[in-house]
Amino acid sequence: MSHKYGKAKNQAVGLLVILLSVLVVSVAYLTEAMAAAPVETRRIELVSGKSVVLRTETAVKRISIANPEIADFNLLSPTEIYLTGKAAGTTNLTMWQDGRITAVYDLVVSFDVSKLKHQLQEMLPTEKELRIAAANDSLTLSGKVTNAAAMNQVLALARAHAPEGKVTNLVEVGGVHQVMLEVRVAEMGKSITKRLGI
């Protein structure tokens, strides 16, 4: 009886050792697979001269920014990173934990257009349909202004604020200027018709 019991005990121990070995190998394989798996790149938009706090799900041991002239960071805690936009442009932020990359972010820094918007509101308070957006190192103007004089003021101020004067103008000019343009086109049409004797 004791011989059978001892044999069964040895078999149980042997089975347990095999199961533990399989478990250890599986964990090692999964860890290696996770370390080798590509990390999805995410995007964070920043404004030059302003900061945001990035919170991570896991603790971070090491951080690197490819171009510290565009953005910088301070590690507030293992799960909180204070990001600051410094200059218009794009760079990336990489995080590590225990020797493996845990996160990669594209940092897109645009220059601050709040001052420009405020100045335009003071200069042209009736132009409610004008839109201003910053994209990297350029400005995009869109929407509508009432006349050509207002458009000239907007462009002059926008070029003064944009780095290297890069401004994309998608603004529609309406009002008197548009009406005058339509009248001129109509007059030209009549003149051409008379010349052709139609």
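Predicted model: local features only at pLDDT ≥ 70, side-chain atom pairs only at ≥ 80, totals over all residues.
Let me start with the contacts: of those in this protein with a separation of 6 or more, 59% are between residues 24 or more positions apart, where a contact means heavy atoms within 4.5 Å. Residues are numbered from 1 along each chain as its sequence is written, and side-chain values use heavy atoms, with hydrogens and water left out.

Overall, the protein has four helices and 11 strands. These are DSSP runs numbered from the N terminus, helices being H or I with at least four residues and strands E with at least two. Of the 198 residues, 24% are buried. Buried means under 20% relative accessible area, exposed means over 50%, and partly exposed is in between, with a 1.4 Å probe and protein chains only. The accessible surface is about 13600 Å², and carbon and sulfur atoms hold 58% of that. Those areas come from the Shrake-Rupley method with a 1.4 Å probe, and for residues only the protein chains shown count as cover.

Four strands form an open sheet in the order 1-7-6-3, with mixed pairing. Strand 1 (41-47) and strand 3 (62-65) are the edge strands, each pairing on one side only. On average, neighbouring strands here are turned by 25° against each other, direction ignored. For that angle, axes are lines fitted to C-alpha atoms, for helices over the stretch in contact, and angles run from 0 to 180 degrees between N-to-C directions. Two strands pair if DSSP finds at least two bridges between them. Strands 3 and 6 run antiparallel and are joined by four bridges. Within that pairing, Ile 63 is opposite Met 95 of strand 6.

Stay on strand 6, residues 89-97, which contains Thr 94. Is Thr 94 buried or exposed? Thr 94 counts as buried, because its relative accessibility is 12%. Leaving aside residues up to four places away in sequence, Thr 94 touches Arg 62, Ile 63, Ser 64, Ile 101, Ala 103 and Val 104.

Next, the charged pairs. A salt bridge here is a side-chain nitrogen of Lys or Arg within 4 Å of a carboxyl oxygen of Asp or Glu. The count is four, and I will go through some of them.

One is Arg 43 with Glu 45, with 3.2 Å between the closest N and O atoms. Arg 43 is exposed at 55% relative accessibility, and Glu 45 is exposed at 57%.

Another joins the side chains of Lys 50 and Asp 112, at 3.7 Å from N to O. This pair links distant parts of the chain, 62 residues apart: Lys 50 is in the loop between strand 1 and strand 2 (51-55), and Asp 112 is in the loop between strand 7 (100-110) and helix 2 (114-123). Lys 50 counts as partly exposed at 43%, as does Asp 112 at 30%.

Then there is Asp 98 with Lys 61, the closest N and O atoms being 3.1 Å apart. Asp 98 is in the loop between strand 6 and strand 7, and Lys 61 is in the loop between strand 2 and strand 3, so this pair ties together parts 37 residues apart in sequence. Asp 98 and Lys 61 are both exposed.

Last, the surface. Val 53, Leu 76 and Tyr 82 make a nonpolar patch of about 250 Å². Patches are made of residues with over 30% relative accessible area and no salt bridge, like charges being joined within 9 Å and nonpolar side chains (Val, Leu, Ile, Met, Phe, Trp, Tyr) within 5 Å.
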